[in-house]
Amino acid sequence: MKTVKRLIKHDACFLLLFIFLIALCLRGPVTGLPPLLDRISQTLQLNSSQSGLLVSIPLLAFAAFAPLASWLTRFFRIEKILATGMALIALGMLVRATGSMSSLYLGALLIGAGIAIGNVLLPSLLKREFPEFVVQLTAIYVLMMGVGGFVMSSLAVPLSDFANRIQLPISGWSFALACQAVIILPAVLVWFGFKITQQHQPKNTRGETNSTLWRRLSSWQVVSFLAINSLFNYIVVAWIPAILVSHGYSDTTAGLYQGYMQLAGALPSLILAPFIQYLGSHRRLCLCATSLTVISILGWLYAPQWSGFWSLSYGFGISMGFILGLSFIGIRTDTPKQAASLSGMSQLIGYTLAALGPVLIGTWYDWQQSWQPPLYGLLLIGIIWMTLGWFASPKAEEI
């Protein structure tokens, strides 16, 4: 209630709505493609490498365009840069729906560039406008990201089947990809229909440089924590179905358990937003999140018969860690521009690792012909992530 009153007092409702509607578009355009990948590959006769590139291009674009997004804050208002990012996502979604291989790649690049802008600048905008509620609002916008991802991935195949049934002149998957562009409309309507105002004037930072920021140990702790989170998560998302199948589960059950991770990933947002003040220090929360993740890896190693439970605990832990890591960007910087810079560096390193991680783990499996060594590698990554989380978490006096 205090949060609501404060937001209304600052007349920031439309800005907050704009933030949440942007968040709705930051995961779905990526997760909405994989369910259609087999159909796309069959139509265009793509090999595995070409199909995999469609998934990797957005991740590489996240890394490549993240520093550019933070650099643009020197010259333009954050809100306008975010609106441009939404335009890039919309354009990319329409381009890839035209149905050729080149348009799919170009669309993936444009979508990745637009999402990179949102990923980098939303923490900075929250830092500037709502500095007292960074964790709570970060939790809500991560929840919106999950909702967008769930909606677009779950509707992709039904939309494609519908187009095939009514015999449209375009392929079913092209129709499905075109329909997915509708998710951008709410953010566009709010941007053009309401005046998105800047509630807090940023400090005069004309002489501010980021060199001091990058000399801070705390900055590198936050960057490393978020980077390992991305590496960890994309490896598990890519390979956990194969790992579960190796333990004797069917393809259907393995896919279901992967869905459990997405479902459990929504729970931290629901808990952190209203109850953060009752849940203890950020350091203890971070230790809880990272511990759950490490325990899940141990479970897949030594008690695979409980894989459904480990999938739930992993999804909860990795999502809570992601929310806390994003909130640390705002908490452990002094200005919105510093927050944008720190966010950009986190995205650059994190998504570069995320793009390479699944390939390296897959190569390791091909070499060993067993998932046990890669799982031990994941366990080591989890312990490193746990340690980084302890030091990246702000102390009480920093909050």
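The report takes salt bridges first, then cysteines, then cavities, and ends with one serine.

**Salt bridges**

This is a predicted model. It holds 4 salt bridges.

| Pair | N to O distance | Relative accessible area |
|---|---|---|
| Asp-161 and Arg-39 | 2.8 Å | Asp-161 28%, Arg-39 27% |
| Arg-77 and Glu-79 | 3.4 Å | Arg-77 32%, Glu-79 0% |
| Arg-128 and Glu-79 | 2.4 Å | Glu-79 0% |

Take the pair of Asp-161 and Arg-39 first. The closest N and O atoms of Asp-161 and Arg-39 are 2.8 Å apart. Asp-161 belongs to helix α8 (residues 134-165) and Arg-39 to helix α4 (residues 37-44), so the bridge ties together parts that lie 122 residues apart in sequence. Is Asp-161 buried, exposed or partly exposed? Asp-161 has a relative accessibility of 28%, so it counts as partly exposed. Arg-39, at 27%, is partly exposed too.

Glu-79 takes part in two of the tabulated pairs. Its side chain meets that of Arg-77 in a salt bridge at 3.4 Å, N to O. Arg-77 is partly exposed, with a relative accessible area of 32%. Glu-79 has a relative accessible area of 0%; the cut-off for buried is under 20%, so Glu-79 is buried.

The side chain of Glu-79 also meets that of Arg-128, here at 2.4 Å, N to O. This pair links distant parts of the chain: Arg-128 sits in helix α7 (residues 101-129) and Glu-79 in helix α6 (residues 78-96), 49 residues apart. Both Arg-128 and Glu-79 are buried.

Which residues are linked with Glu-79 in a network of salt bridges? The network joins Arg-77, Glu-79, Arg-128 and Glu-129.

**Cysteines**

How many disulfides does the structure hold? The count is 0 disulfides. Cys-286 is in no disulfide, and the nearest cysteine sulfur, that of Cys-288, is 9.7 Å away.

Accessibility sets two cysteines apart. Cys-286 has a relative accessibility of 1%, so it counts as buried. Cys-179 has a relative accessibility of 25% and therefore counts as partly exposed.

**Cavities**

The structure holds 4 cavities of 30 Å³ or more. The largest cavity has about 70 Å³ of space. Its lining consists of Leu-226, Ser-230, Phe-322, Leu-326, Ser-346, Gln-347, Gly-350 and Tyr-351.

Which helix gives the most to this lining? Helix α17 does, with 4 residues. Each of α12 (217-246), α16 (307-331) and α17 (336-368) supplies at least two lining residues.

**A serine in helix α16**

Helix α16, which supplies at least two lining residues of the largest cavity, also holds Ser-319. Ser-319 has a relative accessible area of 10%, so it is buried. Leaving aside residues up to four places away in sequence, Ser-319 touches Gly-265 and Pro-268.

Technical notes
Residues numbered from 1 in each chain as written. Predicted model: local features only at pLDDT ≥ 70, side-chain atom pairs only at ≥ 80, totals over all residues. Heavy atoms only, no water. Disulfide = S-S within 2.5 Å. Buried < 20%, exposed > 50% of the residue type's maximum accessible area, 1.4 Å probe, protein only. 1 Å grid on protein atoms, 1.4 Å probe; cavity = no way out; pocket = protein on both sides within 12 Å on 5 of 7 lines; lining within 4 Å. Points joined across faces, edges and corners; volume = space filled by probe spheres on them. Contact = heavy atoms within 4.5 Å.
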